[in-house]
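Have a look at it first, then read on.

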Amino acid sequence: MTFIETLALTFDFIGMVLIAVMILITYKRITNRGATNKTVLHQMNKEKRVGILGIIFIVVGYIMRLAESGVFG
């Protein structure tokens with residue numbers, strides 16, 4: 001993998017994680033307000049867990065792609 005490919009992969013990774021984290025922060029702000037009913041809050045908590053799982057998948061996929069390209073050795 002060339003330097004440019006590695007850099008592009010890294011920027012892609014950072015962008016996806018930033019978007020996911022911003023969404024989770026927004027969810028947290030909404031749930032902290034308490035302006036929604038319990039059903040909505042329960043659903044938002046489920047979606048938050050799925051969002052965290054998505055971030056984990058992004059990180060693992062990034063590490064796997066770097067390992068495949070031989071960056072680690």
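This is a predicted model: local features need pLDDT of at least 70, side-chain atom pairs count only at pLDDT 80 or more; totals for chains, interfaces and linings use all residues.

## Overall layout

The protein chain has two helices and zero strands. Its radius of gyration comes out at 17 Å, while the globule rule gives 11 Å for 73 residues, so the chain is more spread out than a compact globule. Along the principal axes, the C-alpha atoms fill a box of roughly 50 × 15 × 10 Å.

## Surface and burial

Of the 73 residues in the protein chain, 15% are buried. The chain exposes about 5,700 Å², and 69% of that comes from carbon and sulfur atoms.

## The ring pair

There's one aromatic pair in the structure. Phe13 and Tyr62 make it up, and their rings are stacked, with 4.2 Å centre to centre and 10° between the planes. That angle counts as stacked because the planes are under 30 degrees apart.

Where in the chain do Phe13 and Tyr62 lie? Phe13 belongs to helix α1 (residues 3-33) and Tyr62 to helix α2 (residues 38-69), so to speak a link between distant parts of the chain, 49 residues apart. As for cover, Phe13 and Tyr62 are both buried.

Definitions and conventions: Residues are numbered from 1 along each chain as its sequence is written. Side-chain values use heavy atoms; hydrogens and water are left out. Helices (H or I, at least four residues) and strands (E, at least two) are DSSP runs, numbered from the N terminus. The radius of gyration is taken over C-alpha atoms; the globule rule is 2.2 Å times the number of residues to the power 0.38. Buried means under 20% relative accessible area, exposed over 50%, partly exposed in between (1.4 Å probe, protein chains only). Accessible areas come from the Shrake-Rupley method with a 1.4 Å probe; for residues, only the protein chains shown count as cover. Rings of Phe, Tyr and Trp (its six-membered ring) pair if their centres lie within 6.5 Å; planes under 30 degrees apart count as stacked, over 60 as edge-to-face and the rest as tilted.
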